[in-house]
Amino acid sequence: MSKFKKKSQSSQDIPTAALPDIIFMLLFFFMVTTVIREDEILVEQSLPAAEDITKLERKSLVSYLYVGQPKEAKFGTEPLVQANDAFIRMDELILWVTQERDKLDEVDKNQMTVSLKVDKETKMGIVSDVQQELREANALKIMYNTPQLVKDDI
Amino acid sequence: MARSKNRGNQEVNAGSMADIAFLLLIFFLVTTQINSDKGLQIKLPPPLDPTQPPPDIKMKDRNIFKILINSNDQLLVEDEPLNDPYALRDMVHEFITNNGVDPKQSDSPQDAVVSIKADRGTSYELFVQVLDNAQGAYYKARGGVLGISGEEYLGLDAKKPDEEKMIDRAKDAYPMRISIAEPNKLGGQ
């Protein structure tokens, strides 16, 4: 036999042992950079973008209000306010603020921030109603939650 | 000696391990959202005391930059119609950095007030754009105090002592006085 026909001793399959490590790395990256969805959102949420936005310093002080048209037709087409998994009436907002504030530590109580996630189709009427109620409830720090506006470069 | 001959493939099959990791990854991708706690922050005025009459504040007309938005999303800025909300950025910037030069603009940044008044029928999207541009003008002016751009100003970290001093200095020079007036009810929903 000539030496060219000699069978190669090396194995032909690619080692895949590193693949799980790579996937785990991706997984850990996502686990660190994300939060688990807290509330089931019942209203439409496509937020308007803004350019000069600031970041909230402490997440634990933030309470969320969602405003928009309900996703399900049985709730009608008028924009509604959602807080903690359920729709909330305007006159319940002050009570809601009190409850949210009670969850915070004593020193942080006046640092509470209300983050408004308002759908862009909403009219200002309901937004300002919410603001008036928040003023009454002494929750004066509010934030209009918006994603970053990406400018089209010329 | 006999043992060492057959020592070639001893590895564990890791193929299914990758599948399990993928499954976990996809689960996390579906159930999570990327942290998006960013937006436009404002501070509301404290509630009025119903037993007291509303305070009578006298301000010179030149120190108020009036932005009105009607229910058809039309802008009226300083009594003149305006089509492009993005033009506001330069107008507000000019207004607050005037320092008494132009008699139609503000006396000083400390006296200047930007007043935004929307109608109940105004769309939230336009309101956010107007507020964004008004705040952007302030950030640009604050950055100008420190010799940096508005974006660089926003990138400063208040937790670092030297950068906190810079922020305080800029805030003193240009206190952000944006007033959001109660909307009127002309346009309805």
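Contact here means heavy atoms within 4.5 Å. By that rule, 54 residues from chain A and 51 residues from chain B make up the contact between the two chains. This is a predicted model, in which local features need pLDDT of at least 70 and side-chain atom pairs count only at pLDDT 80 or more, while totals for chains, interfaces and linings use all residues. Residues are numbered from 1 along each chain as its sequence is written, chains are lettered from A and ligands numbered from 1 in the order in which they are written, and side-chain values use heavy atoms, with hydrogens and water left out.

About 5,100 Å² is buried between chain B and chain A, and carbon and sulfur atoms give 60% of it; buried area is the accessible area (1.4 Å probe) that two parts lose on being put together, summed over both. On the chain B side, D37(B), L44(B) and Y124(B) lose the most area to chain A, together 16% of what that side buries.

Three salt bridges cross the interface of chain B and chain A, a salt bridge being a side-chain nitrogen of Lys or Arg within 4 Å of a carboxyl oxygen of Asp or Glu. R120(B) forms a salt bridge with D129(A), with the closest N and O atoms 2.9 Å apart.

Strand 7 (residues 141-145) of chain A pairs with strand 2 of chain B in the antiparallel sense over five bridges. Strands are DSSP runs (E, at least two residues), numbered from the N terminus, and two of them pair if DSSP finds at least two bridges between them. K141(A) has K43(B) as its bridge partner in strand 2 of chain B.

Notes:
Helix = DSSP H or I, 4+ residues; strand = E, 2+ residues; numbered from the N terminus.
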